Amino acid sequence: EALLQPDWGPAFRISVLRGRSNLAERQGDLDTAIALRREAARVAQDVFGDWRLQVIDETYVADLMWRAGLHAEAADLLAGLIESMRLRPASDYELLDAIETQLWILSDLGELGAASALARKALPVMRRMPDSRSSAARTS
């Protein structure tokens, strides 16, 4: 707590919260890791006003929730987040990261139909992404 001074900027607060979350995660305390990442997402939204940082942290919260066995809750969080990104876009990278996480959670839950439908919705976004194979071919 001593690292989080009220007069320090939100970007630093988010960085400290993420670091503490990572430490808790490595120590196997997923509940604390989830709570700290949620707080980072809240700071990104309420204090910093940065939608992209909020998306990154909420996606990571869902990943932690999945690892903590909260599969349905993680899937619900991501479904809402992905829908929000359709209305208020983040970058394609953040959208695909959330979709990828949602795909393996849905697959883990046995929701293969929902996972397939989501994968089809991801295709247009994936097509907009740089093709690393094409760039490698041009440089060789």
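This is a predicted model: local features need pLDDT of at least 70, side-chain atom pairs count only at pLDDT 80 or more; totals for chains, interfaces and linings use all residues.
By class, the contact of helix 1 with helix 2 brings together 13 nonpolar, 3 polar and 7 charged residues. The chain as a whole has 7 helices and 0 strands.

**How the two helices pack**

- Helix 1 covers residues 10-26 and helix 2 covers residues 30-48; their axes lie 8 Å apart, at an angle of about 165°.
- Because angles over 145 degrees count as roughly antiparallel, helix 1 is roughly antiparallel to helix 2.

**Who meets whom**

- On the helix 1 side, the residues in contact with helix 2 include Pro10, Ala11, Ile14, Leu17 and Ala24, along with Arg13, Arg18, Arg20 and Glu25.
- Ser21 and Asn22 also belong to the helix 1 side of this contact.
- Helix 2 contributes, among them, Leu30, Ala33, Leu36, Ala40, Val43, Ala44, Val47 and Phe48.
- Thr32, Arg37, Glu39 and Arg42 are also on the helix 2 side.

**The chain overall**

- Following the sequence from one end to the other, you will read the pattern α-α-α-α-α-α-α.
- The chain has 140 residues, and 34% of them count as buried.
- Among contacts in the chain with a separation of 6 or more, 55% come from residues 24 or more positions apart.

How values were computed
Residues are numbered from 1 along each chain as its sequence is written. Side-chain values use heavy atoms; hydrogens and water are left out. Axes are lines fitted to C-alpha atoms, for helices over the stretch in contact, and angles run from 0 to 180 degrees between N-to-C directions. Helices (H or I, at least four residues) and strands (E, at least two) are DSSP runs, numbered from the N terminus. Angles under 35 degrees count as roughly parallel, over 145 as roughly antiparallel, 65 to 115 as roughly perpendicular and the rest as oblique. Contact means heavy atoms within 4.5 Å. Ala, Val, Leu, Ile, Met, Phe, Trp, Tyr, Cys and Pro count as nonpolar, Asp, Glu, Lys and Arg as charged, and the others, Gly among them, as polar. Buried means under 20% relative accessible area, exposed over 50%, partly exposed in between (1.4 Å probe, protein chains only).
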